[in-house]
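I opened the notebook today to look at how the chains meet and at a few local details. Here is the entry I was working from.

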Amino acid sequence: MIKKDSLSIDLAENIKVLESIYADCSDVIFRHFSIGNRIKAILIYIEGMSDMEEMDKNVLTPLMLREIGRQFDIQTILEKNLAVSAVKEVSTFKDVTNEVSSGNPVVLINHQSQGVSVGFAKSEKRSIQEPTSESVVRGPRDGFIETLSTNIVLLRQKIKSTDLKTKSIQIGRYSQTKVVIMYIEGLADHALIQEVENRLNRIDIDGVLESGYIEEFIKDHPYSPFPQILNTERPDVTAASLLEGNVVILTDGTPFVLIAPTTFYSLLQSAEDYYGGFIIGTFLRWLRYAFLLVALLLPSVYVAILTYHQEMVPTSLLISVAKSREQIPFPALVEALLMEGSFEALREAGIRLPKNIGSAISIVGALVIGQAAVSAGLVSAPMVMVVAITGIASFMIPRYSAAITLRILRFPIMFLAGTLGLVGIMLGILTIIVHMCTIRSFGVPYLQPLAPIRNTELKDSIIRAPWWSLKNRPHWTSDYNKVRQPNGQKPSPSKGKE
Amino acid sequence: MLERGKISPVQMALFMNPAISATALLLVPSITAKHAHQDLWLSPIWASFIGYFIVFVSYQLNKLFPNQTIIEYSQQIVGKFFGKIIGVILLLFYLHITGVIVREYGEFVSGASLFHTPMAVIIGTMVLVCSLAVRGGIEVIGRAGEIIVPVVLLLYVIIFILLIKDLEIKNMFPIMEKGITPSLMGSVSPQSWFSEFILISFLLPYVTDRKRGMKWGMISVFSVTVLLVLTNIMDLLLFGNMTASLTYPVMVAARYISIADFLEHLESIVMAIWISGTFIKITVFYYAITLGTAQLLKLSDFRPLILPIGFLILLFGLWSSNNLEELSLFLGTSGAIYILSIQIIIPVFLLLTGFIRNKVQQGKGNNENEAPVNH
Amino acid sequence: MKLQSIIKKYLLLLFLVFSVVFLSGCWDRNEVNDLALIMAAGFDKKSDNTIELSVLLYIPKGGGNQQDMNSAGGGGYETMVRSAAGITVADAMARLQEKLPRQIFWGHTDIFLFNEKLAKEGIFEHVDFIMRHPQLRERAQIFVSKQPAKEVLSLMPPLERDLSEVLRELGEHEIGMSITTKELAQMLISDSGDCALPWIQILPPDDKNKPKRTIAYITGTAVFKKDKMIGKIDDMLTRGILWIRDEIRLAVVTVKLPQTKGYISVNLSQAHSKLVPTIENGKWKITLKSETYSDIVQNSTHLNVSDPAVVKSLERQIEQVINNRIELARKKVQKEMKADILGFADAFHRYYPKVWNKEKKRWEEIFPDVEVKYETKCKIRRQGLHS
C-alpha cells in the first residue's frame with residue numbers, strides 16, 4: 001500500500017512507514033547518516049538504479065563533512081550544500097516512492113517535513129542504433145530506444161520549436177509506466193489532443209510493457225484486423241507526422257511510438273518516399289500499391305483461374321501448367337493453402353531462430369522444401385512460384401503491422417476463391433473495401449483522401465508530388481493553420497551570365 | 001434522424017451511376033437492339049430525358065420538404081393514411097425490383113461461370129456483402145462508391161479501347177432507316193432504368209449541398225447516358241445485327257478481345273468489374289428499402305431491419321422468375337411499363353399535390369406549423 | 001444494447017451457415033487435371049441423319065523426361081483424336097463425353113472444321129451450337145476441309161504443336177480467307193445470308209512412309225449460298241474476293257511493263273477498298289473504290305524506278321493487274337455461283353434503305369445483274385533500300 005499522506009516531522013516515524021512500504025524489498029537500501037555529525041538523516045535508494053559514485057561525491061560528502069548552524073532547512077541545503085542540478089523536493093510518501101522507484105535516491109532529514117530527491121538515476125541504456133524493422137537506403141540512421149527521455153531528446157533535436165509540447169501521464173497500476181503525448185501546438189487539433197488524452201486516461205491496467213498494450217485500448221474499432229494507429233521506431237517518421245498535425249504517444253520501455261490519427265495510405269508510405277525525389281517516390285509508391293494487390297490476391301487468383309476460369313489462361317501456358325499439375329494429388333486450393341501455410345510457418349520460424357543462422361535456414365529451408373516437394377510431385381512448380389512472389393510482395397509493404405494484416409486476409413480470400421472463383425474474390429474484396437470505409441481512426445476516415453476525396457491530399461497519396469507543391473497540410477490539422485508553405489517556391493534554372 | 005451521416009453531391013453522383021447502369025449495361029443493348037436495330041445507340045439518349053425529369057421532380061419535392069425522404073413527405077402531402085399507403089406501395093415495389101436485380105445478378109453469374117452453384121448461394125453471398133455496406137449507413141456507401149466507381153469506369157474504358165481494332169463503323173448505317181420510331185420503341189426499356197433515379201429522393205435529405213445536388217444528379221444522368229450510348233455503339237460496331245440475338249453482348253465483346261495472343265478471354269474480368277457495379281446498385285436499393293421501412297414504422301434505428309429485409313430480398317430474388325428468358329422478357333415488356341408507372345406517377349402526383357397545397361396555404365397565409373417537422 | 005447482442009448472434013449464425021455451405025460447396029470446381037482440353041473440333045457426315053464430332057485432345061504428359069520426348073516424336077507431349085456420332089452436335093458431344101474420362105472443356109478450342117459433304121447440306125444448326133455454348137470462343141476460326149475432318153485432325157504437324165496451332169497461325173496471316181465464328185454468324189444473318197469460308201486440304205507429306213507427318217493448308221475458299229456450300233474457288237480468285245471485301249492485307253503483285261524485259265514486283269503495304277452503290281433508272285450499279293500503297297521489292301528490268309514517269313506508268317500497270325484479278329473473281333462468284341459473298345446486299349441496304357426494303361425479296365434476281373465498275377488507285381511509296 002502506498003500512503004498518500006505527507007511526510008511527518010519525525011524521521012523515525014517516516015522510516016517506520018517507509019520500511020513497512022518496502023517490506024521484503026531486499027534491493028531497497030536505507031542508509032542512515034547524520035548531517036554535520038548532529039542531525040539524523042537517511043538516504044533511500046534502490047541498489048543498482050542510481051549512480052552511487054556521484055551520490056557519494058556530491059551529496060554524502062558535503063552533507064556529512066559540513067559544520068552546520070542551528071538554523072537550517074531544506075532550502076538552505078539546496079542552495080548552499082548540494083552541488084547537483086537535478087534535485088526535487090518531496091513531501092509525500094507517494095512522492096518518495098515514485099522517486100525511489102524511478103532510481104532517484106531520496107534524502108530525508110530529521111525535523112524536516114520535506115525530503116530531497118537527487119536526480120542520479122542511472123538506467124541501463126542501449127545505444128542508438130539503426131531501426132531494424134524499417135531500414136532505408138537514404139535517410140537518417142537513428143532509431144528510438146527503450147528510454148523515454150532519450151526518445152524525447154531525439155525528437156527535440158529534429159523539431160526545436162517551443163511549440164513542441166509534451167504531456168506526461170502514468171499508466172499501469174503496478175508498472176507505472178510513463179507515457180508522453182507529444183504534439184505541435186497550433187498544428188494539432190485541440191479536439192484531437194483532448195480525445196487522445198481522454199482515451200489514455202481511461203486505461204486502467206496492471207502494466208504497460210509495450211505500446212501495443214496502449215494501442216489495443218485506444219483503437220476505434222477493436223475487432224478490425226487493420227492497424228488504426230501507426231507505430232514506428234524512426235524519429236524522422238515521427239517528426240514528419242508531428243509536422244502534419246498528428247499526435248504522438250511515446251511509451252517508456254519500448255522504441256515503438258504510436259502516431260494518431262492514421263490513414264490506410266500512410267501505412268503504405270516509406271520514409272524514403274520523401275527523401276529520394278518525387279519521381280522516384282511516385283514510382284516506388286505505385287510499385288508498392290501494385291504489389292499490395294499481389295500480396296493480397298495472387299494465390300487466390302491463381303486458384304480461381306485454375307479451378308474455375310481455365311479459359312482465361314493462354315493456351316500454351318495452360319498446357320504447361322496442366323503438365324506440371326498432372327501428378328499432383330491435391331486440388332489447387334489445398335495445394336495453395338499448404339504452401340502458403342508452410343511459407344508463413346517458415347517466416348515465423350525464421351524470426352524465432354537464433355539471429356546468425358535464422359536467415360540462412362529460412363531461405364535454404366524454403367528452397368529445399370520447395371524443390372523437394374516439386375520433384376516428389378506434391379506441389380506443382382507454378383504454385384511454388386506463386387507463393388514466392390506473394391512472399392516477396394508482402395515484404396514490400398513498409399509497415400509490418402499492415403503487412404501482417406494482408407497476410408491474414410489472404411487466407412479467407414483463398415477460401416472464397418476456392419468456392420466461388422473470381423466471384424468469390426470480388427465478394428472478398430468488396431467486403432474488405434466496405435470494412436475499410438467503415439473504419440475511422442480518431443475521427444479521420446481510414447481511406448481518406450480517396451474516400452472521401454480530398455483533392456489537396458491526393459497529391460501526396462496517389463502520387464508523391466514535389467515538396468514545393470505540397471502547399472496544404474492534411475485536413476485534420478487544426479483549421480486555422482492549413483497552409484504549409486507559401487506559393488512560388490518551384491525552382492527554375494538561373495539565367496546565369498549571358 | 002435515422003441517418004446521421006452526410007454525403008457530398010459528388011459522392012451521390014458517383015454511386016448513382018452504377019446504381020442505374022450496372023444491370024443496364026448487361027441487358028439493355030440486346031433488349032433495345034430487338035426494337036431499334038442499328039439505331040440502338042440512340043435509344044438511351046431518348047430514355048435519358050426521363051432521367052433528367054425524375055431528378056428535377058425529386059429535387060423540387062426535396063425543396064418543399066428539405067429534411068424528409070419520399071416516405072416521410074408523402075404522409076405530409078396526402079395525409080397520414082394515404083401517405084402510408086403510398087409508402088407501402090413504394091417499398092413493396094422496391095423490394096420486388098431489388099429481387100429482380102439480384103436475380104439478374106444471379107442469372108448472369110450462373111450463366112457465365114458458376115453453372116452448377118445453387119442460385120441461393122450466389123444471391124445470398126451478394127446480399128450478405130451488401131448488408132454490411134447498408135449497416136455502415138449512407139456515408140459508407142458514399143465512400144465505397146468513391147473507391148469502386150472510378151476503378152470500374154476506368155476498366156470499362158480500357159475494355160472499350162482494347163476492342164477498337166475490331167470495330168466496324170459500317171455497322172452503324174443506315175441511321176434511322178425507318179425513322180425515329182424504332183429507336184423510340186427501343187428506349188422504353190432503358191426508360192425504366194432511368195426512372196430508377198427517383199431513388200435520389202431517398203438520398204437528397206442527406207446531401208450536404210442541395211443546390212449542387214441537383215446539378216450533380218443531372219451529371220449522373222448524363223454519365224449514365226454516355227455509358228449506355230458507348231456500350232450500345234461498341235456492341236453495334238462489333239456485332240451489327242447480331243446484337244439482338246446475344247444475351248449479354250458486353251460479355252461476348254470482352255471475350256472477343258484478343259491482343260497479342262495473350263490478352264484474351266477477359267470476360268471474367270468484365271464479370272468482376274460488373275459484380276462491383278451491381279454491388280453498389282443492390283446496396284443503394286437495399287439501403288432505400290431499409291431506411292424507408294424504418295421511417296414508415298417510425299423506428300429509432302434502421303439496423304435491426306437489415307437482415308430481415310436482406311432475407312426478403314433473397315426470397316424475392318429466388319421467386320421473381322424461373323429463368324433468364326422470363327426475366328429478360330419481363331424487363332423488355334410489361335416490366336418496363338410497371339417500373340415506369342410507379343416510379344413516375346407517384347412522384348409526379350406527390351409533387352403536384354404538394355405544390356397545390358403549398359400554394360393554397362400560402363394564399364391563406366396561415367398554418368406555418370404545417371411545414372415539415374424534423375424527425 | 002440488447003438489440004446489438006441479438007444482431008451479433010444473428011451474424012454468428014449466418015457466418016456458421018455460410019461456412020457450412022462453403023465448406024461443403026465447390027459446385028463448379030474443375031481441376032485442370034480433370035479437364036479434357038479440346039484444341040480443335042471437326043464435323044463429318046456419318047450417315048443420312050447423323051453427324052460425327054471429332055475432337056483433337058491434348059494429353060498432358062507429366063514432366064519432360066527423356067523417354068516421353070522420344071515416343072512423342074519431338075513435341076514432348078501428345079495429342080489424340082476421339083470421335084462420336086449423334087443426331088446433333090450436342091448429342092454427339094454427350095456421346096463423346098461417355099468415351100472420355102475427363103470433362104470436355106471447350107474454352108481453348110480455336111479451330112472448327114466442316115467436311116465438304118456436311119457443308120453442302122448446311123451448317124446453320126452447327127454454328128448455332130457453337131455460338132450458344134457458353135465456353136466456346138467467338139474468335140475461333142472455321143474452315144471447310146476437303147478430306148474428312150477426322151483425318152485432318154489426326155495429322156501430326158512437324159513444325160507446330162498440333163494442327164489447331166497450324167491452322168490458327170495460317171489463318172492469322174490473312175493470305176487467304178479467315179473467318180471467325182462471330183463473323184460467320186454475322187454473315188449468316190446478313191442481308192444476303194450468303195457466306196464464304198476458307199477451304200483447306202492436306203499437304204502431300206514429304207515422306208511417303210509417314211503419311212501423318214504433314215499439315216493441312218488453305219488452298220481457296222468454299223462459297224456458300226445461304227448456309228449450304230455450292231462450290232469453291234481457288235487461291236488466285238480468293239484474293240480477288242478479298243479485294244472486294246476489303247480484307248486484303250498482304251499481297252505481292254508482279255507486273256511486266258510494255259517494251260521491257262523482266263518484271264517488277266511490288267509489295268502492298270496498305271490497301272483499302274470501299275463499295276459505293278448507285279441505283280439509276282432501276283439499274284443497280286456498284287463502284288469499287290480501292291486505294292493501295294505499295295513498295296517495290298524486286299526490279300529485274302533496266303528501268304530507273306526513281307524516275308517519276310516510270311513510276312506513273314508502273315502504277316497504272318499495277319492498277320490494271322489488280323482490276324483484272326478482281327474482275328476474274330467477281331465474274332466467277334457473281335455470274336456463275338450467284339452467291340453474294342461480296343457484301344453487295346449490305347452496301348445497297350446502307351445507301352438505299354427505302355429501295356432495299358421494297359426490293360429485298362428480289363435480291364436473288366437482281367444480284368447477278370449488278371454492274372460493277374472499278375476505281376483503283378495505286379501509289380508507290382518506297383523503292384526499296386537499293387536503287
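This is a predicted model: local features need pLDDT of at least 70, side-chain atom pairs count only at pLDDT 80 or more; totals for chains, interfaces and linings use all residues.

Which residue takes a positive phi just after α8(A)? I found A:Gly245 there, with a phi of about 95 degrees. Helices here are DSSP runs of H or I of at least four residues and strands are runs of E of at least two, numbered from the N terminus.

Residues are numbered from 1 along each chain as its sequence is written, chains are lettered from A in the order in which they are written, and side-chain values use heavy atoms, with hydrogens and water left out.

**Helix α8(A).** I stayed with this helix, residues 235–243 of chain A, and saw that 7 of its 9 residues are buried, so it is largely enclosed by the rest of the structure. Buried means under 20% relative accessible area with a 1.4 Å probe, protein chains only. Among the buried ones are A:Pro235, A:Asp236 and A:Leu242. I looked up what covers them, and the list includes α5 (148–158), β6 (164–171) and β9 (247–251) of chain A.

**Chain B against chain A.** I counted 31 residues of chain B in contact with 24 residues of chain A, contact meaning heavy atoms within 4.5 Å. The two chains bury about 2,400 Å² between them, 76% of it on carbon and sulfur atoms; this is the accessible area (1.4 Å probe) that the two parts lose on being put together, summed over both. B:Leu114, B:Arg143 and B:Ile147 supply 24% of the area that chain B buries here, more than any other three residues.

I then checked for charge pairing and found 1 salt bridge between these chains, where a side-chain nitrogen of Lys or Arg lies within 4 Å of a carboxyl oxygen of Asp or Glu. B:Glu139 and A:Arg440 form a salt bridge at 3.1 Å, N to O. On the chain B side, α4 (80–112), α5 (119–163) and α11 (267–296) each supply at least two residues, and α5(B) gives the most, with 13.

**Cysteines.** I searched all chains for disulfides, pairs of cysteine sulfur atoms within 2.5 Å, and the count is 0.

Definitions and conventions: Buried means under 20% relative accessible area, exposed over 50%, partly exposed in between (1.4 Å probe, protein chains only).
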